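Me: Please take a close look at one part of this structure, and then show me how other parts are described in the same terms.

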Amino acid sequence: MAVDRSKFRTCQQTSFCRRHRLNRSYPAFDYRVLPQSIQLHTESDSENGAMDQHDNTNPTSKVNYYQKIKRLLKGDEHKSVPNEMYNQHSSDPYYRGPKPFLTASVINQSKHSYYPKKATNGDIEDERLELSLYLLKDGVARIRLTEQYGREDKPFHDPRWTSDDLILNMQEIIGEAGDQVQMLSSEVLNALAKDNDFGMSGDLMAFQYGSLTEDGDQTAVVVLQMQPFAIHMWRSTHGDDTWTKQPPIVSFNSRQMMHFEVRRNQFDDFDLDTETESEEEKKDEADKHGGKEIVGYWEDGLAIYADGTREEKKENPDAQAVESEASNENEPTESPTKESDKFHIDEDGMWQEKFGDHVDSKPYGPISVGGDISFPTSKHIYGLPEHASSMQLLTTVGEDAHYKEPYRLYNLDVFEYELDETMALYGEVPLIISQSTNTGTVGAFWFNPTETFVDIDRSGGADGTDTHWISESGVIDLFLLPGPNPKIIYEQYGKLTGRVELPPMFSLGYHQCRWNYRDEADVYQVHDKFEELDYPYDVLWLDIEHTDGKRYFTWDKNQFPNPAQMQEKLKSQGRNMVTIIDPHIKRDNNYYIHKEATEKGLYIKDKTGKKDYDGWCWPGSSSYLDFTNEMVRSWWSDQFSYNRYQGSTPSLMTWNDMNEPSVFNGPEVSMQKDLKNLDGVEHREWHNLYGILFQKATAEGLVRRNQDENIRPFVLSRSFFASSQKYGAIWTGDNESSWAHLKIAAPMLLGLNIGALSFVGADVGGFFGNPDAELMTRWMQAGAYQPFFRGHAHHDAKRREPWMFGEDWMIKMRKAAMARYALLPFWYSLFREASISGMPVMRAMWMEYPDIEEIYHTDDQYLIGSDLLVKPITEAGATSTDVIFPTRDVWYDVDTSQKVQMSNAPQNGHISTVHVQSDIDKIPVYQRGGSVIPRKLRLRRSTQMMTSDPYTLYIALDQEMKASGSLYMDDENTYDHIRKGAYAEAKFAIDFAKSIECKTQGSSEWISSQAESTRSIERLIIMGVEKKPTKMSSDEMDLNFDFSPEQHLLIVKKPQLSALSSWKISIEY
C-alpha cells in the first residue's frame, strides 16, 4: 500500500509555503508598533480611551497611559503618525468575542517590502496592520492582526472572512480581564530587560492579569515589545517577581518571522507575467488519455474510460527533482537578514498557480499570513492532528531534522496513506501543547482554517522549541493558553472551542461495519450470528451501496425493500443502525435532494460565482452544498425528518464520510481553491471547515427530526477541525490491515485527544487488506480500549466478522469485547467528566504525570482517564512486552487483581519498566491504586440489555489503603441530564482503616423515579488489602465477605446497596 504522491503537493510545490519557509521572505517583513496609536480599553475608560490615572508609587498599579508611555518609550524619538485608530471591531462583521484590552497599529518598516511606495518616514503605509490584544479572565491572551479595514483608498478594504461564529464557543469564552489588568511599572520592565537573557530589546509594555489556579495565586503576564514587534507570556505568582529572570513560557514573533501579505490589485506593485497554459501543454493534456473518453474518476483521482479501462498510475516525472530539492532545503545555509542588501522575493505562483492539471486563478494574489511561536524552555510539544506519525511533534528543519517536510494542515482524502509522515490527512486542529518540567503546560491555538504548514525547530537551543506557522490566507488570530497544567489547559481550551458532548450509551459499544452489507438478508445473517454467539455489539452499519445509485437519503429497493422494518427488528433486540450520507449530491434532476437544492440555489459555485460547481465522486457528476451558510445547514438538517428521509426511524444514525471534501477529479482529490460559497468567499478560506460544518448540520438534523428534540444524536465524521468534539465521533480513516497500522493507531489517537477530540477510534482490523487471525484478535483487544470501537473493511477485503476466523479465535475476540462492555459505566462516567472539564478521555501518560519527563515521549501505552493504563500488543507473535509504570502509584493487573511487582530499580525514582507476559488471550491493562472503577459483569449482547444490571465496584487501594472514584448515571439517551438535571453521581471515598462511603448527588426527582434495584451494587472487589477486617457492616447489618491473604483480595458479596443513595460501610479490626 502506497500513496500516490504525485496527487499531493509538498511545501516546495506550494507557492506561499515555498515563499516563506526557511526565512526566504525574512528581509521583506520587519514590524514595529506605532506607540502613538496604542489605546487601552477598560471598564473605566475615559472618553479618549485611556486608562484612568492611579497612584504611580504602586509598582503594579494602573496609570494614565499617556504619562506611562512617555516613561516607557524613551521620550518623543518615535516618528510622528496619525493619532487616530480605525475601530476594526465596528467594521469587522466576522469578529466574535470580548472587546480588546489594547489596540494599536503595526507597521512594516522593511526596505525590501513588496511595496515600492513608502511614506516619508520610511514606513510602508499600505502595509499597516491593526493589532488587537485581548486579555481574558482565565489568563488566555488573544493576539489578532488584520489589515486596515474601511480605508477607501485601498483596493481591498473589506474585512477578510473569518469563522469566529462557526468555531468559537461564544457561550463560555471568559470575558476580558478589564479593570483587573495591572500595568507593570518601569522598575519591573527594567528588571525584565536587564535580568532576562531571552534577548528582548526595544520598548516594552507589560500587563499582569487573570487567575490561572483555583486559589488565584498564579496570574498571567503579557509583555508587548514595540520594536521589533513581539509578544511574550509569563506566569507570575503573587509576591514573587523571579519570573522576570526566567524566559517566557511562550512567545510570538520573537524570531521575527511574522509576515502578513496585504491584498492588492495585480500589477499595481509587481512587474509580473501571469502564467498561461501553452498550446503544447494543452496538447500534452489531450495526449495524456490517448484520446479515450473519460466517463468518471476513482478515489485515487485516476480517470475511468468509456471502454472500461482505467488510467494507469504514472510516476511523477518531477518527483525525484522535488525530493532532491526538498532534501537540499534542510542543508545549513546562511539565512538572509532584515538588513540584507540583496534580496528577491519568490514571485512564482503569486497570482496564478498550477498543480497537475489544475490552475488556481488567485484573484487576490499573495495573501499569506504567518509567524513564529516559540516555547523557550520546552523540548516536548504535541498536537497538530491529524498525521500518521508519533504523538510528539518531531523536527522538520535543521541538520538532524526527522522530516524534510513541514507538518501540513489541509483536509484531504489521502488514498492509502503512509506512516511516519507529515502529509496532511482528513482533518486538522491547529493546536500545539507544550509540556516541560520547568514551565508546565502551555498551549497555542492558531485560529486559521486555511491551508497551513508548520515547521518544528530545536536548533535554536537545547532547551527550547520554535515553531513556524505559514497559512495561505485569513488573519493572524492566535490564542496563548498559559496553563499551568494539563487539566487547566483543557479547561481554557474548552471555553474557547467547546467540549465533547456526552454521547448516547449505545455508541460506546461495538460497531460492526463493512463496505458493504449486500442486502437485508445479509444484515439479518450478520445480526443473527452475533446473537447466536452471545457476542456483544450495538450498531450495524451500511455503506454507500445501500442507496439508490449513490443518492443519499434513499434505499436500493431491490436490496433493502423494507428498511424501517429492518431497523425496528434490530432495535427490538437492542441494536441501532447507521447509514452513510456523504456531502456530494448526484446531479440528477429526478433526484429530489438535487432538484430542491438547485432550485433554492444552495450549491457551491464555480470561480465566477454564477454556475453550480460540478465535481466527480461516488455518484459520478456531483454538486456540493455550501455548509458555510446557515440557511443551507438548516435545510440539510431538515432532510433528516422522517417524512423526508423515507425508511428512517429513530434508531437510525449517520456516518459522514468524504467530507474533506473529496472530489475525485479535483486538485489533490478535493475542490479548486477559487470556487466560491454563496457569499462569494473563496473555498481556500473555509476548506478545512467543510467537514465540521457538514457534521454539525447532520447532528442538528438527527436532533431536530424528533418532536421534542431531546434524543442525543450519533454522527461519525472523517474530516474535522477545532471544536469538532461538540458534534460526534471521528475515526482515523482508511487504514491498512497491517501490524504497522495497528502500532500507529495509539499515537494517532493520542494526537487527536491532544487536540481535544475524545470520541475517536481506528477501524479494528484495518480497512484495506486482509488481517490474519492473530492481527484481528490483537486489534480487537486494542480497539476495546479506544473511545470509539468499530470494525470495518473494504469491499475487496475478505469477510472478517469475528466468527470468520474459527471458534477459538472468536472466543478470544469476544473476551475483548466483553471487557469493553463490562467497563461501559466507567467509559460513560469519563465522557461525562470530559463534557464538563474538557480533559481528554484517552490520555498520554504525561497528562497525568506532567512532572515525569521520562514519559513525555511515550505513545505506545496510554491512560483511559486517570485510572486505567493500557499497553496494546502490536507485534506479530509477541507474548510479552515492557510496560512503564509511574512509581508514585501502585498498579494492579485487571485480570488477576494482583499488584504489579516493580522489582527492578526505578529509573530516576519516577518510573519502573516491567516486563510482563501477554499471551494471545491478554492485553496488558492495569488499574491505578487509589481508584474505584465501576463495572457491569453480566454477559449481555447490547448496552440496552445492560441498563438494569447491577454494578461491581473494583476498588484498588493505594499505599495508604485509600481510594476514591465516581459513577455517573442518567437515562443514557436523552438531553434530560442537561434540560432537567435528571442525573445522579455517586462519589466513593475509601479509607480501608475505617470505612467505605458513597455520597450520591443529583436530581432528587430523577433519583426517586428510578427503582433502586436498577442501580444496585452487587459486589465490591477490593485489591491490596493487607489485613483481614473482623467486621464490615452497613446500617447495622453485618456484611459477608471473603478474604484471600495470598492475593491480598477482599470481596464483599450482595451488600444490598444502591448507587442512587448515600451509604457507609464501617470496617473494624
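Reply: Thr874 touches Trp739, Leu742 and Lys743, leaving aside residues up to four places away in sequence. Contact means heavy atoms within 4.5 Å. This is a predicted model, where local features need pLDDT of at least 70 and side-chain atom pairs count only at pLDDT 80 or more, while totals for chains, interfaces and linings use all residues. Residues are numbered from 1 along each chain as its sequence is written, and side-chain values use heavy atoms, without hydrogens and water.

Thr874 sits in the loop between β36 (868–870) and β37 (880–886). Helices (H or I, at least four residues) and strands (E, at least two) are DSSP runs, numbered from the N terminus. Thr874 counts as buried because its relative accessibility is 16%. Buried means under 20% relative accessible area, exposed over 50%, and partly exposed in between, with a 1.4 Å probe and protein chains only.

Now strand β41, residues 931–935. Five of its five residues are buried, so β41 is largely enclosed by the rest of the structure. Ser931, Ile933 and Arg935 cover one side, and Val932 and Pro934 the other. In a regular strand, side chains alternate between the two faces of the sheet. β41 runs antiparallel to β42 (residues 951–956), and five bridges join them. Strands pair if DSSP finds at least two bridges between them. Pro934 stands opposite Leu953 in β42.

Helix α8 is another enclosed element: nine of its 12 residues are buried, so the rest of the structure largely encloses it. Among them are Ile488, Tyr490 and Leu496. Gly498 follows α8, with a positive phi near 95°.
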